[in-house]
Amino acid sequence: MILAQYTIRSKQDYIFKTNRVLEIIGASENIARIWEILFELAECEDVALKCQREKTKFSWKLVQEQFKKGELQVVELFCGGGNETVLFDSESSFKKLNKAFSSKLLREYPGMIPMVVSVEVTGNYSLDYKNLMKESDLKKNVMIAQDDIFTVPFAMMDRTTFQPYSRVSHIAGETVRMSEESYKKYRVGQSIGNDNKDVRMFDEMVTSKGKESLLAVVHADGNNMGTKIMKMLKDESDYNKAVAFMRDFTTTTAKCFEIEGGEALKACHEQLIEQY
């Protein structure tokens with residue numbers, strides 16, 4: 001069996017590479033949806049791996065039995081902090097999914113840098129997770145830098161993505177050249193803006209001419225979470241207990257940021273409307 005952890009490197013660079021609000025929103029949405037895409041690919045006709053998602057209660061014994069019988073190949077252990085931790089029945093299943101995932105990102109999500117690390121499963125969760133974190137640290141230190149220039153000298157270059165211009169779009173009444181990366185972020189952001197009046201207002205506010213636009217972006221990050229998690233787990237070796245703990249931890253963390261954070265922003269918004 002293979003224990004793997006997926007992540008997207010340089011997320012802040014990918015999201016904030018531009019000052020166009022709809023591109024920032026589109027890039028954020030791409031990052032937020034990326035693990036859904038991973039499992040959609042796993043279950044698609046071409047890859048055809050049988051998956052178990054996080055909502056199903058995890059049983060180490062049952063998963064081993066299903067792996068041996070070929071009834072299951074991929075188990076989502078937990079998702080949080082921008083990482084997806086997955087258990088595979090074999091290295092061949094792991095490679096099969098990676099090939100499809102890498103191909104899709106190259107074609108449809110230019111500029112996004114995926115990273116995956118893996119270890120052979122010993123059955124001791126604490127040992128497996130520590131080995132995984134070691135592999136992750138090593139991989140981060142040997143990956144190539146992302147800001148290479150991908151254009152030939154005579155091509156027009158987008159200086160935010162270092163890619164050749166490939167599209168012409170019309171934004172706020174102006175004709176704008178865009179790279180493929182910028183265009184695909186903008187397209188997703190525009191789709192969200194069509195359904196969300198706050199996003200449209202936000203975009204129009206910072207693209208208006210002749211007026212000063214003051215914009216603050218807050219990015220909440222979880223640095224060194226892997227180290228903190230290992231301390232909280234206290235060398236827990238049992239997969240059932242460790243997975244249950246991690247699922248509860250990631251759900252609670254997501255609730256703090258997405259639900260309670262959203263409620264706080266909404267309350268602040270209502271206060272500002274009333275006051276001004």
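Predicted model: local features only at pLDDT ≥ 70, side-chain atom pairs only at ≥ 80, totals over all residues.
Biologist: Nice. Which element gives the most residues to the largest nonpolar core?

Modeller: That core has 30 residues, and Met112 is among those that touch the most other members, along with Tyr6, Ile34, Phe88, Leu97 and Phe101. Two or more residues come from each of β1 (2-9), α1 (11-15), α2 (21-43), β4 and α4 (91-108). With 10 residues, the element that gives the most is α2.

Biologist: And how many residues are in the other core, the one apart from it?

Modeller: Leu3, Phe78, Met115 and Val119 are among the members of that other core. Its total is 25 residues.

Biologist: Let's turn to α3. Why do its buried residues line one face of the helix?

Modeller: The buried residues in helix α3 (residues 60-69) are Trp60, Val63, Gln66 and Phe67. They line one face because, seen down the axis of α3, they fall within an arc of 125 degrees. In general, an α-helix has 3.6 residues a turn, so residues three or four places apart point the same way. For α3, then, the reason is that arc of 125 degrees.

Biologist: What do the buried residues of α3 pack against?

Modeller: On the other side of α3, Lys61, Lys68 and Lys69 are exposed. The buried residues pack against β2 (51-52), β3 (74-80), β4 (83-88) and α9 (239-275).

Technical notes:
Residues numbered from 1 in each chain as written. Heavy atoms only, no water. Buried < 20%, exposed > 50% of the residue type's maximum accessible area, 1.4 Å probe, protein only. Helix = DSSP H or I, 4+ residues; strand = E, 2+ residues; numbered from the N terminus. Arc of directions from axis to C-beta. Contact = heavy atoms within 4.5 Å. Core = buried A, V, L, I, M, F, W, Y, C linked by side-chain atoms within 4.5 Å.
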